[in-house]
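Subject: Structure handover

Hi,

My notes follow below it.

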Amino acid sequence: MRQEQVAHIDELMRAASGLPVPSRATRDQVITQSWQRCVSEHRLDPVVLREPLILPSTQLREHQDAMDEFIHTARFGVETLYRDVAGLGYVLLLTDAKGITVDFIGDPTFDASLMRAGLYLGADWKEPSAGTCAVGTCIATGEALTVHQTDHFDATHIPLTCTAAPVFDPSGALAAVLDISALRSPQPKESQLLALQLVKSIAHKIETANLLNRFRGEFILRLAPSPEFADVDPPYVLAVDRAGCIAGFNSKARALLRRELESRPTADAARPLVGRRLSDIIEIALDDLPRLSPASPVAQRMVRLAGTGTPMFAHCQLPARISTRSVAAAPPSLPAPLAGLNGGDPAMAGVVERAARLVNTQMNLIVCGETGTGKEFLAKAIHAAGARSARPFVAVNCAALPETLIEGELFGYEAGAFTGAAARGRKGLVLEADGGTLFLDEIGDMPLPLQTRLLRVLAEREVTPLGRTRPVPVNIRVIAASHRDLRAEVNAGRFREDLYFRLSGAVLTLPPLRRRADFDWLVERLLEERGKVEKTRFSLSPVALGLLRDHRWPGNIRELMNTLDLACALSSGGTIEPDDLPEGLLAGDALPHGSAISPALLRGEADAARDGLVAALRARGWNISAVARDLGVDRTTIHRRMRRSGIARRIST
């Protein structure tokens, strides 16, 4: 045990016992009170040096699932804060109300050091587990604070500086804690004052964004003490339902309303704020809220607090005027690119409806599904339906690029960066996608070192081409795809867990073709597209369509497209017959058990077709041109049918 740890433990013991200590005057009261809680309530021994408690991935996922929507709302704010402090050695943690880290951004280069310090996904930072620390003490007090170096209870945390702010839900309950920490820092605690202001500011923005997300269908009332900022960034935000009652608020609005109620000697300040009539606190009636819209001059939007008469300048966002009946009767409208992916399959309908809600969000996506199910089609449709549609869509097949070239292909390189580099360098696919969408197909095949670099690009929103010292800012949305089970790949150590969580803002899973109820629609649409190219109308005979319906389709839509391309090329007059299909389909070797058309029946039909062709050839003395004229097809079709049926040309009497 180092000398500084011994001295720290001695100070802890004296402070917890109520004895005077030389440095106690420099400690914040909130710190000494936390030390006393750790000893008297949590029964923590100051002498014991504890390893960080990091939950296994299954338990972590339970905590993440419980606040999935909140994490998505908060992620942009977390990334914004990380960009503001980039290069200063900070790590960002978002924990739930129990102190479990559910989101994390840090420099992947220092992963091992961060994990040893507990600055990592799944780390448990509540006070009874970790002692005095920023997250745990923030949860205990409900206040933003900095726990700097020897402020920590556990001596193993002495090198750390941690600053945290609470994030409350719209009812005023603690929802999460936002923490910014560093493995090392200057000794004076005052060095973290800017970090404290930044984390409080972003926590407020996350809180307000969560409120707006939760109450989209209600009145949103924003208040500012000055007219100049009424439409810019009003600090006080509350939701009002259509009965004129308060439905939710951010913490600044909660504090304002509480102060207002406590200023009245007869008011019941202990009653919950949620459910109170707005007019009891602010001199405004429900019917007057529409006049507070930004379309009115700000000077005409002054309201007063009912008790103190304090003036406030309001900005009211009105709810959408949609009746319950119209919502129930009309299905949600889908952007055309997404609507064109489904012909009535329920599973596919769920995928495209969820994708439609995500087209203009900032979150990255993972598209899962078997090989050939149309993952790139879905990614392109999401891109085409959103605000990024005018910018590039860049697709990268991570499995097709050699490991030695993928880094240069993705991130680019300067001229002369390595032997064989292009004379003018290369921009790189990430920068090619700037402003648009980067589609990473088969992300599960990306080598681990490249996963680390991609994680840094996603976290810092900048890329450094090989041979370049300064990073280049980049604005991309990443849609990743894989036929692998990425969670299983994470558990096996072949895929970075932090990269998985960075990519999986939402996961969309495509159904395999054999389970789709809109198979006939898909076939018809693909034939129409082929017909436009060939300027021919293609159709399937009933037997050929039955063959397609009963095939297993291990290659899914990609296999179906190849099958129809071949069938269209071989067909005569635009009608696709069984012998225009690939041999595996004709032989029936891919049919599922219990299908409507059995292999025996197909063999019988094939034998009948063979016998009919032999009879036609014999009748014409094996004159193939004459048989072709009789059947209304060309000679190549007769030759092909003969080969398919195993008919050898011979002389017959």
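The largest pocket holds about 1000 Å³ of space. Keep in mind that this is a predicted model. The lining of the largest pocket is made up of 27 residues. Nearest its centre lie Thr73, Asn213, Arg216, Thr361 and Met363. Helix 4 has the largest share, with 9 residues. By residue class, the lining splits into 10 charged, 9 polar and 8 nonpolar.

Next, the cores.

The largest nonpolar core has 64 residues. Within this core, the residues that touch the most other members are Leu119, Trp125, Leu438, Leu440, Ile443 and Leu503. Helix 16 (residues 448-460) gives the most to this core, namely 5 residues. As background, nonpolar side chains in soluble globular proteins tend to be buried together.

What does Leu440 touch, leaving out residues up to four places away in sequence? Its contacts are Val396, Cys398, Leu410, Leu454, Val478, Ile479, Ala480 and Ala481. Another core, of 27 residues, lies apart from the largest one. Its members include Leu81, Tyr82, Leu178 and Leu196.

Now for the strands.

Strand 7 (residues 236-240) is largely enclosed by the rest of the structure, because 5 of its 5 residues are buried. The cut-off for buried is under 20% relative accessible area. In a regular strand, side chains alternate between the two faces of the sheet. Which residues of strand 7 sit on which side? Tyr236, Leu238 and Val240 are on one side, while Val237 and Ala239 are on the other. Both faces of strand 7 are covered.

Strand 7 pairs with strand 6 (residues 219-224) through 5 bridges, and the two run antiparallel. Phe219 is the residue opposite Val240 of strand 7. Strand 7 also pairs with strand 8 (residues 246-249), again antiparallel, over 3 bridges. There, Val240 has Ile246 of strand 8 as its bridge partner.

Strands 7 and 8 form a hairpin, with 5 residues between them. Gly244 sits in the turn and has a positive phi of about 85 degrees.

Best wishes

Methods
Residues numbered from 1 in each chain as written. Predicted model: local features only at pLDDT ≥ 70, side-chain atom pairs only at ≥ 80, totals over all residues. Heavy atoms only, no water. 1 Å grid on protein atoms, 1.4 Å probe; cavity = no way out; pocket = protein on both sides within 12 Å on 5 of 7 lines; lining within 4 Å. Points joined across faces, edges and corners; volume = space filled by probe spheres on them. Helix = DSSP H or I, 4+ residues; strand = E, 2+ residues; numbered from the N terminus. Nonpolar A, V, L, I, M, F, W, Y, C, P; charged D, E, K, R; others polar. Core = buried A, V, L, I, M, F, W, Y, C linked by side-chain atoms within 4.5 Å. Buried < 20%, exposed > 50% of the residue type's maximum accessible area, 1.4 Å probe, protein only. Contact = heavy atoms within 4.5 Å. Pairing = 2+ DSSP bridges.
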